[in-house]
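Notebook open, new structure on the screen. I'll jot down what I look up as I go.

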Amino acid sequence: MKSIFVRVGIYFLLALSVMTVMIATIFTRFSRQNVRKMYRAELKTLAKSVSDRVSEAVANDEGATPEFNSFLNSIINLGDMRDMDIWILSNSQAQEPLPQVYTNISNVSDLPDDDLDEDLKIIIHAAEGGKTRSYTGYDKVYEQNMMHLAMPIKSAKGMVMGTVVINGAIDNWNSTVSTYQRYLLISLIMALFVTILVAAFLSRQIARPIVQIKSVAGKMAAGDYEQQTYIKRKDELGQLADTIDILSERLVEADELRESVEQNRRDFFSNVSHELRTPITVIKGYAEILNDGYVEDVKKQKKYYERILRECGGMERLVSDLLIMSRMQNPEYEMEEEVFNLIALAQDALRGLRVLTKEERVEFSLIYNDENALVLGDYERIRQVFVILLQNALKYADPETIVRVRINVEEEDLLVEIEDEGIGIPREEWETIFEKFYRAKNHGEKEGSGIGLVVAKTIMERHHGKIWVESDEVKIVTFHLTFPRVKEREERNGQD
Ligand code: ADP
């Protein structure tokens, strides 16, 4: 597996090499074309001046004069100097062929080799027809690349008399191109070297955060969620790194949550087992004593039976509380829904507990500010909330006190307060008493399992309501409930 660093580096180099080859090819092609164009222009200018000079000499009848001969010599010299052959040919087919004295080669058949290039013959022929033509190619006579140009020599009347042919060695020019190519190659190699360094640097810049992110992600996958990439960039890699950082935080949170849920589950099971084991041990003990027949005193027997029944009642309550709690906590559990009056519900709950008030020597009072205290929900479950709170109030209230129930109908909500005067609840326990199996440090030696308030809270949450407690120094404990208010029975039913 190639590392991202090598991969990015290779891509850089590949892109660069393609670019280099393209630049070199295009440059060579253009420069070659340009050289030919320039060389052709040069040959053409030269041919033109020779052709003009010969036409002028013919017009002035300068043939065989020393001036003209020296002109012919200078052409040869020039040709030698510039690596070219300049021929002045007579066109024997013309009406007025160029007289012999003006030529430096009489005609094509006198040329160094009869075996003239076909293309050369073609351009000479074209020039005899009055056209200037050229071509470039390998010439077997000169044994090198040549540019040939043929231009007509015209008389004063404009008739073609002969032809100027220039055979120029283009290889010198080509070698100039080769020199440029060499320079180009050297500069490209140097550029390539510098670019390799730049490519290495850039690919490192790109690869480093990716490698970093990969290592962090690897650690996270192995279960070590507390990771940070420490990458601060404003591009997509930066965003990816931020996402990984956020992912890590979320995973840590989820892990902690899972751990605490797991701990809760363990605590819950151990609490339930504990809460059930105590009464079972008591029941077993008393049942064994009774079964062995050691207790003959009927009064004592009755007392034992009563204890067994009390413990069974406690267990029954606990099990049914747990059942309700688990049902309520399941979001798929559907509650009964109806609109009812909370005042009637409170009266119902108080009636059911009246017998207990005598035992505890406590009185109930119910006051409300409006008779129209409608709520929507499960009647039985909300009654259960009232029963739990009222039972607690009776249990923890001092004798000869009053447990007060107040119902206040407000604009949006219904507020309920259930107040007793007894052992009180210190500030630091106002939240914790709503936790499973929690019993306040001072629970007045009263029996209980610490599950009632959890059930009450779960039911209230399912009804979009709230429950909380407040207690003051004088040991007055007030449980507050709020319910979303239903303003009119019809309206609500209509909506449903
Ligand atoms: P239980 O009453 O069975 O112990 P609850 O969940 O109903 O369980 O209550 C949890 C704890 O909150 C109680 O153990 C008690 O310490 C405290 N508590 C509840 N209601 C009152 C109250 N009215 N006055 C004082 N303490 C209370």
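I count a polar contact as a pair of N or O atoms within 3.5 Å; within protein, one must be able to donate a hydrogen and the other to accept it, and residues adjacent in sequence count only if both atoms are side-chain atoms. My model is predicted, so local features need pLDDT of at least 70 and side-chain atom pairs count only at pLDDT 80 or more, while totals for chains, interfaces and linings use all residues. Numbering runs from 1 along each chain as its sequence is written, and side-chain values use heavy atoms, with hydrogens and water left out.

Entry one: the ligand.
I looked up Lys395 and found a side-chain N or O atom 3.2 Å from an oxygen atom of the ligand. Gly452 has a polar backbone atom 3.2 Å from a ligand oxygen, and for Leu453 a backbone N or O atom lies 2.8 Å from one. The protein covers 97% of the 520 Å² of accessible area that the ligand has on its own (Shrake-Rupley method, 1.4 Å probe).

Entry two: the shell.
I get 20 residues around the ligand, with Asn392, Asp420, Arg439, Ala440 and Leu453 coming nearest (near means a heavy atom within 4 Å). α8 (379–396), α9 (452–462) and β11 (476–484) each supply at least two shell residues, and α8 gives the most, with three. Helices here are DSSP runs of H or I with at least four residues, and strands are E runs of at least two, numbered from the N terminus.

I checked α1 (residues 4–60) against α4 (residues 171–221): their axes come within 8 Å and cross at roughly 160°. α1 and α4 are therefore roughly antiparallel (angles over 145 degrees count as that).

Note on methods. Axes fitted to C-alpha atoms, helices over the stretch in contact; angles between N-to-C directions. Parallel < 35°, antiparallel > 145°, perpendicular 65-115°, else oblique.
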